[in-house]
Amino acid sequence: MEIGTFSNKKNASQYRCQSTIREIDGSNYRCLVIQSTALDARKEKTIARHIEKERMELEKDCLELGKRTFYCRADAEKELELFISGHKRILHSINGIAEEIVTIKRKAGRPKKGAVPETETTWRLNIEIQSPSEQTVSNLRAKAGTFVLMTNVLKEEELSAIDILKEYKEQTAVEVRFRFLKDPVFVDGIYVKNRERVLALSFVFLMALLIYALLERRVRQKLKEETEPLILPGKRKSNSPTGTSLLEMLKSMQIVRIVNGGKINRLLPKNLVNTQILRLLKLVGFDDTIYTMPKTVPKI
C-alpha cells in the first residue's frame, strides 16, 4: 500500500505499508510494516561503520589464513571451502585460490656437477575480499528504514494505516515531555515504597508536567501575536522558548519580604527584577501579584 508523503518539502520521505493480523499472547493485533525512503545521517553512518568493521575483521582472518602452509592442494582447497562456509552471513564476498609454491632445497656445500636440485612443493591460499554490492547496501538501507507499528484496532475503517502513522510521527512531542520527567533531578532519590504513594507521587509528577507544557504553550502562542522575541538567560532571543528555559528565567526572581507589626508585605525590588521576567508573566496571563499577593492555601 502506497501512503505517500506527509510533507511538501523537497526530498520528503515516501511511505509504504503492508498490514497483517498476528496473534500475541492470545490476542489479535494489526501489525503495520512501514517502509520509509528517508534515512537519517545516523543510520547511514551506522551502516558505513558496520561495513568497515566487517571488512577489517575479514582482512585480519584472511591474513592469518594466508600465512598457513599446506602440503597438498586438496588440503588447501578444503580449508578455503571451510573458511568461505564459515563466513556466509556477511556483506562482503570472498574469493580465493590455492597457489602452488615450489621451493628449492639447498644443501650445505657445493652441489655435484649435473645434480638435479631437490624441490619442495607447498600451497598457500590467496584470498580476495570484494566490497558489498550496490544491491546489498540498498537492502541494508531499506531494512534500516523499515519499522513495525502495532494496534489492537483491527479494522482499517475504524483506524486507517495513515492515521496510525500520523500518530506515530507525533510521538516526538510526547517523548520530549516525558524526558522532563526522566531527568534525575526529579526522579532520583525517591524513597516511597508503598504502591499507593508511588501512584500518588506519579500523579503529582504528571500534573507538574501538564503545567510545564501549558506554560510553554501559552508563551509561544502569545509570542506569535508580538514582533519582539523573548530574551532568555544568556541574552538568547527566541520566539518559541522551551519550558526549561522559561523555568530558568523564573529561578532568578527575587522577592523582598517585609514584616511590620505582624503584617507581611512582599515586594519585587525594581532594581533587581528582570523586565523580561515581568513580560513572561504577562505572556502567561499573570502579573507580579502572584508573588507579592499570593493566595492563602487552605489547611487540610
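1. A residue counts as exposed when its relative accessible area is over 50%, as buried when it is under 20%, and as partly exposed in between. These terms are used throughout this note on a predicted model. Lys235 has a relative accessible area of 76%, so this residue is exposed. Lys235 sits in the loop between S7 and S8, and its phi is near 60°, a positive value in a residue other than glycine.

2. With a relative accessible area of 81%, Asp25 is exposed. As background, most residues other than glycine have a negative phi.

3. Ile24 lies in strand S2 (residues 15-24). Its relative accessible area is 34%, which makes Ile24 partly exposed. Ile24 belongs to a nonpolar patch on the surface, formed together with Val33, Val148 and Met150. The accessible area of these four residues together is about 320 Å².

4. The structure holds one aromatic pair. The ring centres of Phe147 and Tyr168 are 5.0 Å apart and the ring planes are at 25°; the pair is stacked because planes under 30 degrees apart count as such. Phe147 is in strand S6 (residues 146-151) and Tyr168 is in helix H4 (residues 161-169), so the pair ties together parts that are 21 residues apart in sequence.

5. Which residues of helix H8 (residues 243-251) are buried? They are Gly243, Ser245, Leu246 and Met249. Seen down the axis of H8, the buried residues fall within an arc of 160°, so they line one face of the helix. The cover over them includes helix H7 (195-223), strand S7 (230-232), strand S8 (236-238) and helix H9 (275-284).

6. There are seven salt bridges in the structure. One of them joins the side chains of Arg55 and Glu59, at 3.3 Å from N to O. Both residues lie in helix H1 (residues 41-66), four residues apart, or about one turn of the helix. In an α-helix there are 3.6 residues a turn, so residues three or four places apart point the same way. Arg55 is partly exposed at a relative accessible area of 23%, and Glu59 is partly exposed at 39%.

7. Another salt bridge links Glu79 with Arg68, where the closest N and O atoms are 3.2 Å apart. Glu79 is in helix H2 (residues 73-85) and Arg68 is in the loop between H1 and H2, so this pair ties together parts that are 11 residues apart in sequence. Glu79 is partly exposed, with a relative accessible area of 23%. Arg68 is also partly exposed, with 39%.

8. In helix H7, Glu216 and Arg220 are four residues apart, which is about one helical turn. Their side chains meet in a salt bridge of 3.9 Å, N to O. Are the two partners buried or exposed? Glu216 is buried, with a relative accessible area of 6%, whereas Arg220 is partly exposed at 28%.

9. Ala208 is also placed in helix H7. It is partly exposed, with a relative accessible area of 37%. Ala208 and Ser160 are 48 residues apart in sequence, and the distance between their C-alpha atoms is 34 Å.

How values were computed:
Residues are numbered from 1 along each chain as its sequence is written. This is a predicted model: local features need pLDDT of at least 70, side-chain atom pairs count only at pLDDT 80 or more; totals for chains, interfaces and linings use all residues. Side-chain values use heavy atoms; hydrogens and water are left out. Rings of Phe, Tyr and Trp (its six-membered ring) pair if their centres lie within 6.5 Å; planes under 30 degrees apart count as stacked, over 60 as edge-to-face and the rest as tilted. Helices (H or I, at least four residues) and strands (E, at least two) are DSSP runs, numbered from the N terminus. Buried means under 20% relative accessible area, exposed over 50%, partly exposed in between (1.4 Å probe, protein chains only). The arc is that of the directions from the helix axis to the C-beta atoms. Contact means heavy atoms within 4.5 Å. Patches are made of residues with over 30% relative accessible area and no salt bridge: like charges are joined within 9 Å, nonpolar side chains (Val, Leu, Ile, Met, Phe, Trp, Tyr) within 5 Å. Accessible areas come from the Shrake-Rupley method with a 1.4 Å probe; for residues, only the protein chains shown count as cover.
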